[in-house]
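Dear colleague,

Please find below the structure that I am handing over to you, together with its sequence.

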Amino acid sequence: MRIERPDFLTYSQGGRKVELPLPDAAAQAHSARLLERIRAAIAEAGGVISFRRYMDMALYAPGLGYYMAGQNRLGADGDFVTAPEMGSVLARVLVRVLTPLLQSEASSDGILEFGAGRGALAQQIHQCLPEVPYTILELSPDLQEQQRTALPGLRHLQQLPERWRGVMLANEVLDAMPVRVVERDAGGQLRERAVRCNGEGLEWDWMPEPYAEAIDPGLTPLLMAEWPEHYRTELHPLASAWLREIATCLQAGALILMDYGHEAGEYYHPQRQSGSLRAYYRQHWLDDPFYWPGLCDLTAHVNFSALLEAAPDLGLEVQFYGNLARFLVEHGLAEVYAELTAGLDTQGLLVLNNEIKRLTLPQEMGESFKVLILHKRASA
Ligand SMILES: C[S@@+](CC[C@H](N)C(=O)[O-])C[C@H]1O[C@@H](n2cnc3c(N)ncnc32)[C@H](O)[C@@H]1O
């Protein structure tokens, strides 16, 4: 018997069909308003805009983008789940790393977290380190509100301060920064991808001018020469620019970056033919970035080579770089597990074990999620 589900839509990708919940009328109207704004920008630009501009509008258009209009849904009942939303294991291990870093005089400003989502990590860290000042720099007005509820005493910044002495944290922030998409066309030429209007919606196009700009750090001509026709990937000019700004602001202390990503050799491997760009909607990843603009998160993995290569020139020393499983094991996962299991009943233990599996198994976050700790010494 076929059960009709009028509130669901069927989405097809790579031969598989997914049933997705239909957005309610208000959300649909919201998406239509953003779509109208994007289509107007395309018309104004003469027929196409770069994918990077599209991603910027879809996520951050004031009052309309996914993160700017209260449409984002983080957490188990939302579009996607981040490590702090699963439980406190990551925060507890981070506290073990943060404690010695924050003890020095040079760390008097405390912790500055970027893009803190619903404030889960902030709340969990603050519980363990209540005396350390906690500040958040968040672009999303409604997430700022949710963060204030999660942690009433915190301070918000609307822009990067001139100087910071302490620890900076960013969990899944770099993967939410707009990327450029490049692809080898049918003639084998590398070109940048664009977005154009299609009927009532949007579709892929090509930027008119030939692609001739600098490539991402770590991406060598040798690797590119092996890319087959239709190879598509992403470049990250904003991530590199952001790191430069942060390095200027950070006077002494550390920057801890946690994100999905790879080094360039793997990121730009010829076999990785369709890149890492994804839309997330109600716990499903979708290959169509034009699906319900403003109601889906858009994300692309981070090229960690770009950050590792830039660090020394910016006065940043690599203190740790590795996958999440290794980071957790080398920084006290066993001790944290012992602390957290004390007093747990069977149900609690199952939940905790499940969280640890999701953080450490290679097919979950254990391998593709990376941690990078960059240290800045106080200048004499
Ligand atoms: C995928 S969410 C991650 C949320 C949270 N860190 C977590 O782990 O649950 C991305 C967040 O980064 C924020 N963001 C993106 N670019 C930013 C920037 N340049 N500065 C600060 N926050 C930024 C977004 O507003 C959003 O809150």
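Strands here, like helices, are DSSP runs numbered from the N terminus, a strand (E) having at least two residues and a helix (H or I) at least four. Two strands are said to pair if DSSP finds at least two bridges between them.

Two remarks on the source are needed at this point. The model is predicted, so that local features need pLDDT of at least 70 and side-chain atom pairs count only at pLDDT 80 or more, while totals for chains, interfaces and linings use all residues. Residues are numbered from 1 along each chain as its sequence is written.

Strand S1 (residues 8-13) is joined to S2 by six bridges, and the two run antiparallel. Within this pairing, Phe 8 stands opposite Pro 21 in S2. A residue is called buried if 20 or more other C-beta atoms lie within 10 Å of its own, exposed if 12 or fewer do, and partly exposed in between, with C-beta atoms placed from the backbone.

Leu 22 is found in the loop between strand S2 (16-21) and helix H1 (25-44). Leu 22 counts as partly exposed because it has 13 C-beta neighbours inside 10 Å. Apart from neighbours within four places in sequence, Leu 22 is in contact with Asp 7, Phe 8 and Leu 9; contact means that the C-beta atoms of two residues, placed from the backbone, lie within 7 Å. Leu 22 and Pro 210 are 188 residues apart along the chain, and their C-alpha atoms are separated by 39 Å.

The nonpolar core

The largest nonpolar core has 92 residues, and Met 168 and Leu 255 have the most contacts inside it. Such a core is a set of buried Ala, Val, Leu, Ile, Met, Phe, Trp, Tyr and Cys residues joined through C-beta atoms within 7 Å. Helix H4 (residues 89-103) gives the most to this core, with nine residues. Leaving out residues within four places in sequence, Met 168 is in contact with Leu 112, Phe 114, Ile 246, Leu 250 and Leu 255.

Strand S12 and its partners

Strand S12 (residues 250-262) is mostly covered, with 11 of its 13 residues buried. Strand S7 (residues 164-171) runs parallel to S12 and is joined to it by eight bridges; here Ala 170 stands opposite Leu 257. With strand S18 (residues 369-376), S12 pairs in the antiparallel sense over eight bridges, and Met 258 stands opposite Val 371 in S18. A further pairing, parallel and over two bridges, links S12 to strand S16 (residues 302-303). In that pairing, the bridge partner of His 262 is Asn 303.

Four of the five residues of strand S8 (residues 180-184) are buried, so S8 is largely enclosed by the rest of the structure. S8 pairs with strand S11 (residues 232-235) in the antiparallel sense over four bridges, and Val 181 stands opposite Glu 234 in S11. Three bridges also join S8 to strand S9 (residues 190-198), again antiparallel, with Glu 192 in S9 as the bridge partner of Val 182. S8 and S9 form a hairpin with five residues between them, and Gly 188 in its turn has a positive phi of about 90 degrees.

An open sheet of three strands

Three strands form an open, antiparallel sheet in the order S14-S13-S15. Strand S14 (284-286) and strand S15 (297-299) stand at the edges with a single partner strand each, so one side of each is left without a neighbour in the sheet. Strand S13 (residues 278-281) is joined to S14 by three bridges, and Ala 279 has Leu 286 in S14 as its bridge partner.

The surroundings of the ligand

The ligand is surrounded by 21 residues, of which the closest are Thr 82, Gly 115, Gly 117, Asn 171 and Ala 176; a residue is near a molecule if its C-beta atom, placed from the backbone, lies within 6 Å of it. This shell divides into 13 nonpolar, five polar and three charged residues. Ala, Val, Leu, Ile, Met, Phe, Trp, Tyr, Cys and Pro count as nonpolar, Asp, Glu, Lys and Arg as charged, and the others, Gly among them, as polar.

With kind regards
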